[in-house]
Amino acid sequence: MATTTRKKQIGLKPGGDRRYAHVVGWGVEIPERVLTNHEIEMMVDTNDQWIRERTGIAERRIADDRDTTVTLGVRAARKALSHADLNPSDIDLIIVATSSPAYLFPATACLIQDRLGATDAGAFDVLAACSGFIFALGLASAQIRAGMVNTALVIGTETLSRIVDWTDRGTCILFADGAGAFVLHASEVPGGVQHVVMHSDGSGGELLCAPSGVRPTWNGTPAPDVLTQMNGREVFRFATRVMVSATEEVLDKANLTTSDIDVVVPHQANLRIIQAAARGLDLPMDKFIVNIDRYGNTSTASIPIAVAEAVESGRIRPNDKIVLVGFGGGLTWGAALIEWQVMATPASAAREVVREGWYIVARIRSLMRRVFRFLEAVLGGSPTSEALRAEEKARRSSSKPSNNDKPER
Ligand code: COA
């Protein structure tokens, strides 16, 4: 199995060698449908020139009606696994960052786990708005470095177009859809995700929010305003401050200065915010990856999409020190320092076929489980108290330690 192969390759001794969390695969899913500024001119009182000058956005992508946050995330994840040449069965942990989940629960991560057939993975969501990908990366890399897991999938996926108020010119010009994913893997080679800083200030929560539709009380009426609301000027002011402070903080932790950074990948919210961060850090704009002109603000997906494009175009190279920095509703903000070590290794055709087969089996397995659960409910009815007692007895006897399980002294 690939996990075994990888574990052998990296030669980690349990509890022994120092562990590092490397990004070994990345993938993006960009919806095909382009929505231009000119099209938005037909919807609200705005114009292409204003949007370009105030935000840097020329166009953005909108998910197909048949797509969801889950389907975009699955496609990005599959590409990332293919890049890493790993199978879904190798994944120990899936963390999805999203601001536009299809459900409050189940977690988007669980639905993606099922679609991938990542049967050994624990899966959960992180809700930290546009900082979510950095927060998820922090959690996953910490799990790997602590020896809790070997392989983690971190996904940022959004269908923000579904929670945007298309009559509000202050927000609808900004937000868009897309997904990006990283595969992280344990290695004894120094580098990878080195430090992550995360911050929150809930006192600014109302500056950027999307009420969930949850009733205010158990017998109340659901809130009518469930779409995204934002105080653009305040968020702008906050963003320009924290992009600089978070970058400086993560560099401080690594005893580095801005002159050591090769590339900064900022959250793509507004070109003027990125330019202000560059001025605040006294760095030239050519160190910053910018693709907001083509994709708008895809929240948690913006950083992994920008990283993947920068790697593919050669802007990020092995041994580069890169800073990912972002901010969002919450308020939240954070930064990650990565020493980039791994270049794309083309997956073998045979293993690609195995992976494709795995995804088909995953769909069948998921369907069978649903059918089995249905039949169990119809035929078995509610479990009787005798059956529950017998089950509990069996569970206890199977969890009793045998002589072979005695701990070593
Ligand atoms: N088209 C045309 N005019 C617009 C407009 C639009 N889409 N949106 C606002 N305006 C108008 C305003 O009504 C205002 O008019 P007034 O002076 O007559 O009152 C004027 O443009 C300036 O508005 P202001 O809100 O000061 O613009 P701005 O330069 O701050 O730009 C944002 C607005 C939203 C683009 C900007 O504040 C921003 O990007 N903020 C950060 C938002 C963000 O990043 N959110 C995501 C966080 S993850």
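Colleague: What are the bounds of domain 1 and domain 2, and where do such bounds come from?
Modeller: They come from an automatic or database domain assignment. Here the chain is divided into domain 1 (2–209 + 224–339) and domain 2 (349–405). Keep in mind that this is a predicted model, where local features need pLDDT of at least 70, side-chain atom pairs count only at pLDDT 80 or more, and totals for chains, interfaces and linings use all residues. Residue numbers start from 1 along each chain as its sequence is written.

Colleague: What does pLDDT say about the chain?
Modeller: pLDDT is the predictor's confidence in each residue, from 0 to 100. The chain averages 90, and 91% of the residues score at least 70. Residues 1–11 are below 50, though, and this stretch has 14 contacts in the model beyond near neighbours in sequence. Over residues 400–409 pLDDT also stays under 50, with one contact beyond four places in sequence.

Colleague: Why do you say that residues of domain 1 are in contact with residues of domain 2?
Modeller: Two residues are in contact if their C-beta atoms, placed from the backbone, lie within 7 Å. By that rule, nine residues of domain 1 are in contact with ten residues of domain 2. On the domain 1 side, helix H4 (69–84) and helix H5 (108–116) each give two or more residues, and H5 gives the most, with three. Helices (H or I, at least four residues) and strands (E, at least two) are DSSP runs, numbered from the N terminus.

Colleague: What makes a residue of helix H8 buried, and which ones are?
Modeller: A buried residue has 20 or more other C-beta atoms within 10 Å of its own; an exposed one has 12 or fewer, and partly exposed is in between, with C-beta atoms placed from the backbone. In H8 (residues 271–281), the buried ones are Leu 271, Ile 273, Ile 274, Ala 277, Ala 278 and Leu 281.

Colleague: Why are these residues said to be on the same side of H8?
Modeller: Because they cover an arc of only 160° around the axis, the arc being that of the directions from the helix axis to the C-beta atoms. Their cover includes H3, H7, strand E11 (263–266) and helix H9 (292–295).

Colleague: What makes a residue count as near the ligand, and how many surround it?
Modeller: Its C-beta atom, placed from the backbone, lies within 6 Å of the molecule. The ligand is surrounded by 20 residues, and the closest are Thr 46, Cys 130, Arg 169, Gly 232 and Ala 269. The largest share of this shell, five residues, comes from H7.
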